[in-house]
Each structure stands twice: as structure tokens, then as C-alpha cells.
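Here is a friendly note to go with your first look at this protein. Have the structure open beside you, and take the points in order.

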Amino acid sequence: MHYFTPKRCASTSKIMYHDKAKALRAADQSLVERGARLWVYRCQYCGTWHLTSREPGSYARVPLNQQLKPHSRKKGYKPRR
């Protein structure tokens, strides 16, 4: 028996869809079969369409000066702010 193996993006390892319509059909099929809601986006690396579980607009960018600094587990260590 032969199974179809989809092409994957070299950068993200996600399945590549050549047009938005095919990606939307795959997202709808995922919702019906697995109950997983997926969104479609165009990849900045390969230019094809991919599926993501992250809702559009949930990518909040944090400025570099406001990012959290790593905390040390050393006892008595107080990080500079």
C-alpha cells in the first residue's frame, strides 16, 4: 500500500500547501476530523501556505528592553533591574 507523503518546508518542517484554498480545506478537515481549529498563513521562508494553531493577532511583540531577563537559581541572588 502506498501512502502520500506531503512536502515539508525546510525551515519550519510544516506541510506546504501551494495555494490558500487547499490550506483552508485542510484546516476545515482538521476541525471536522479532530476538532482542532487551525489558521492559515503564508510562510516568509518558502512562500507557500502553512497551518498554525495560534490565532492570528496572538503574536504579541515585546520590545527588547522589556523582555524578561533569565533568573538565576543561585540562593541569595538578586538580579539587577
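1. Of the 81 residues, 17% count as buried (buried means under 20% relative accessible area, exposed over 50%, and partly exposed in between, with a 1.4 Å probe and protein chains only).

2. A word on what you are viewing. This is a predicted model, in which local features need pLDDT of at least 70 and side-chain atom pairs count only at pLDDT 80 or more, while totals for chains, interfaces and linings use all residues. Residues are numbered from 1 along each chain as its sequence is written, and side-chain values use heavy atoms, with hydrogens and water left out.

3. Now the overall plan. Helices (H or I, at least four residues) and strands (E, at least two) are DSSP runs, numbered from the N terminus.

4. Next, helix H1, residues 20–34. At 1.5 Å a residue, its 15 residues should span 21 Å, and the end C-alpha atoms are 21 Å apart, which agrees; the expected span is 1.5 Å times one less than the number of residues. Gly35 follows H1 and has a positive phi, near 75 degrees.

5. Which residues of H1 are buried? They are Ala23, Ala26, Ala27 and Ser30. Seen down the axis of H1, the buried residues fall within an arc of 100 degrees, so they line one face of the helix (the arc is that of the directions from the helix axis to the C-beta atoms). Their cover includes E1 and E2, while the face turned away from the buried side carries the exposed residues Arg25 and Val32.

6. On to the strands. E1 (residues 39–42) and E2 run antiparallel and are joined by four bridges; two strands pair if DSSP finds at least two bridges between them. Trp39 stands opposite Thr52 in E2. From E2 (residues 49–52), Trp49 and Leu51 point one way, His50 and Thr52 the other, and all are buried.

7. Finally, the loop. Six residues lie between the strands of the hairpin, where Gly47 takes a positive phi near 85 degrees. Thr48 also lies in the loop between E1 and E2, and counts as buried because its relative accessibility is 9%. Beyond its neighbours within four places in sequence, Thr48 has contacts that include Met16, Tyr17 and Tyr41 (contact means heavy atoms within 4.5 Å).
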